[in-house]
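Subject: Structure handover

Hello,

Here is the structure for your files.

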Amino acid sequence: MGALDGKVAVVTGAGRGIGRGHALLLASEGARVMVNDLGGEWDGTGADTRHAQQVVDEVTKAGGEAAANYDDVADWEGAQRLVNQAIETWGDLNILVNNAGILRDRMSFNMSEEDWDSVIRVHLKGHFAPSRFAAVYWRERSKAGDEVYGRIVNTSSESGLCGNAGQANYAAAKAGIASLTIVLARELEKYGVTVNAIAPRARTRMTEGTFEGFGASGEGGFDEMHPDNIAPLIGFLASPAATDVSGQVFVLWGGQINRMGGWHTEATIDKGDRWTVEELAAKKADLFGPDGGKIPAMSF
Ligand SMILES: NC(=O)c1ccc[n+]([C@@H]2O[C@H](COP(=O)([O-])OP(=O)(O)OC[C@H]3O[C@@H](n4cnc5c(N)ncnc54)[C@H](O)[C@@H]3O)[C@@H](O)[C@H]2O)c1
């Protein structure tokens, strides 16, 4: 008996890295998994069907059930085909894990329009489009009187939550995904669908080139940065045990899971009337404290 017996899952960008781990774990818990991957380079160029197929083969070899989809998740019709393929293959859809992503890191002053557009497109539209078609399906099922079991897990990033220099496109998309998660959680609650997001840390081709510390796999002990460390939380969020967990964002790596709080009020001043610039300058310390209003340090 697995925690996800009989469930139907879609995992985007599941041909490699963290998404591959999600697909293998969901299948090992009994879900039938649509393994989506366009198979391009880390910067979003190219395409290759072999990555998704390899993961399907791995799942099948381990006794699970999976099928491959090679669509671009940020293509509107492609996202619809992906969702439809799962429903047509297995008669339902229960779990959507939005994970596919690319990188085009540059300081803002060196960033091209194409660097901006391609990263925003793959991450932000690539999360919204499959979610939108899954939401249409679940809403129709609910309106028809069926009991819906729906889960969306999105993939944000600490870069988006903290604002990492050199990643204006990626951080903006990932912060957008955290916000999108909360909107979708509110919109889909009444249809029996939960929506959460993770911000993972793991050693994949995406981080090997960017963060050197992620490269070491440790000697013999627990490999904290192994990409497969992320999947158990996805399995839990997709399971019946997490029916009441929604609108949450988790930062996780190794054996550590952090449930994040959202934007919150740090300090308040209220005059009860319109301020003047001079009055605000005089109240600066009340709003920012003795250290002033410097940009907060990165918290990771
Ligand atoms: N690795 C980390 O430490 C880390 C940190 C924060 C966030 N993330 C996020 O985790 C997710 C997975 O990243 P990863 O590290 O496993 O990277 P990865 O490059 O190993 O895997 C991403 C996969 O997505 C696929 N993909 C890219 N564009 C696609 C598209 N348009 N349609 C379908 N598939 C597409 C790629 O082919 C690739 O197999 C990404 O969203 C990434 O931003 C990773």
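Strands β5 (residues 150-155) and β6 (residues 193-200) run parallel and are paired over 6 bridges; two strands pair if DSSP finds at least two bridges between them. Within this pair, N154 lies opposite A197 of β6. Helices (H or I, at least four residues) and strands (E, at least two) are DSSP runs numbered from the N terminus.

This is a predicted model, in which local features need pLDDT of at least 70, side-chain atom pairs count only at pLDDT 80 or more, and totals for chains, interfaces and linings use all residues. Residue numbers start from 1 along each chain as its sequence is written.

The open sheet has 8 strands in the order β3-β2-β1-β4-β5-β6-β7-β8, with mixed pairing. Its edges are β3 (65-69) and β8 (256-259); each has a single partner strand, so one side of each lacks a neighbour in the sheet.

Helix α6 (residues 168-188) packs on the sheet and touches β5, β6 and β7 (249-253), where contact means C-beta atoms, placed from the backbone, within 7 Å. The direction of α6 makes about 165° with that of β6 (axes are lines fitted to C-alpha atoms, for helices over the stretch in contact; angles run from 0 to 180 degrees between N-to-C directions).

Regards

Conventions: Two residues are in contact if their C-beta atoms, placed from the backbone, lie within 7 Å.
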